[in-house]
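Morning, everyone. One structure today, and I'll keep it brisk. Please have a look at it first.

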Amino acid sequence: PAEQMVSPAAIVEQPVGLRATIAAYVALTKPRIIELLLITTVPAMVAAGRGWPGTWLVINTLIGGTLSAAGANTLNSYHDRDIDALMHRTARRPLAQHKIEPARAVVFGWLLGVVGFAWLWAFANLLSGVIATVALLFYVFVYTLALKRTTDQNIVIGGAAGAAPVLVGW
């Protein structure tokens with residue numbers, strides 16, 4: 001019967017085992033992009049403090065920044081899962097391969113963003129948490145949803161979110 005038929009897009013291929021599940025969630029956050037973003041945070045901290053700002057502050061700022069960027073990247077992956085499945089470069093992403101349920105991914109992304117804000121507020125300062133959260137919102141709503149599929153200038157305008165780690169570090 002037709003009501004028993006399931007579209008291929010509705011099938012979620014669950015990773016086998018805890019290790020595979022964790023790997024899929026980590027991949028969802030696009031760790032290579034996070035690394036590139038955070039590499040600018042520490043020099044900004046050193047420049048702003050005119051010297052080493054303290055190991056614990058640096059570590060906590062990097063943790064909060066990682067969480068916030070991971071949330072932004074996860075939400076971007078959620079919204080782009082349809083086009084990611086079509087492009088060779090992005091077809092192996094967890095949502096494009098149906099390794100993670102979209103609803104779980106969106107909850108995971110927002111949770112990372114909220115925890116990133118709270119972490120930065122608690123262990124760095126409120127301003128750094130606000131900047132990281134505004135960058136997340138800008139990346140998701142302005143770059144991903146408003147610009148990415150409508151203009152070839154999306155990367156130029158969307159690049160503003162990439163400046164956030166320097167501001168957070170400062």
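Start in helix α7, residues 126–147. Tyr 139 and Tyr 143 sit four residues apart there, so about one helical turn separates them. Helices here are DSSP runs of H or I with at least four residues, strands are runs of E with at least two, and both are numbered from the N terminus.

Before I go on, the ground rules. This is a predicted model, where local features need pLDDT of at least 70, side-chain atom pairs count only at pLDDT 80 or more, and totals for chains, interfaces and linings use all residues. Residues are numbered from 1 along each chain as its sequence is written, and side-chain values use heavy atoms, with hydrogens and water left out.

Now the rings. The structure holds five aromatic pairs. A pair means rings of Phe, Tyr or Trp (its six-membered ring) with centres within 6.5 Å; planes under 30 degrees apart are stacked, over 60 edge-to-face, and the rest tilted.

Take Phe 117 and Trp 121. Their pair is tilted, at 5.6 Å centre to centre and 50° between the planes. Back to the two tyrosines: Tyr 139 and Tyr 143 are stacked, with 5.2 Å between centres and 15° between planes.

What separates Phe 117 and Trp 121 along their helix? About one helical turn, because they are four residues apart in helix α6, residues 102–123.

Buried or exposed? Tyr 139 is buried, at 17% relative accessible area. Tyr 143 is buried too, at 9%. Phe 117 is partly exposed, at 25%. The cut-offs: buried is under 20% relative accessible area, exposed is over 50%, and partly exposed lies in between, using a 1.4 Å probe and protein chains only.

One more ring. Arg 81 lies over the face of Tyr 78, 4.3 Å from the ring centre. That calls for NZ of Lys or CZ of Arg within 6 Å of the ring centre and within 35 degrees of the ring normal.

Now zoom out. The protein has nine helices and zero strands. Its C-alpha atoms fill a box of roughly 70 × 40 × 25 Å along the principal axes. Of the 170 residues, 35% are buried.

Contacts next, meaning heavy atoms within 4.5 Å. Among those between residues at least 6 apart in sequence, 70% join residues at least 24 apart.

Last, the surface. The accessible area is about 10,100 Å², and 69% of it belongs to carbon and sulfur atoms. That comes from the Shrake-Rupley method with a 1.4 Å probe.

That's the tour. Thanks.
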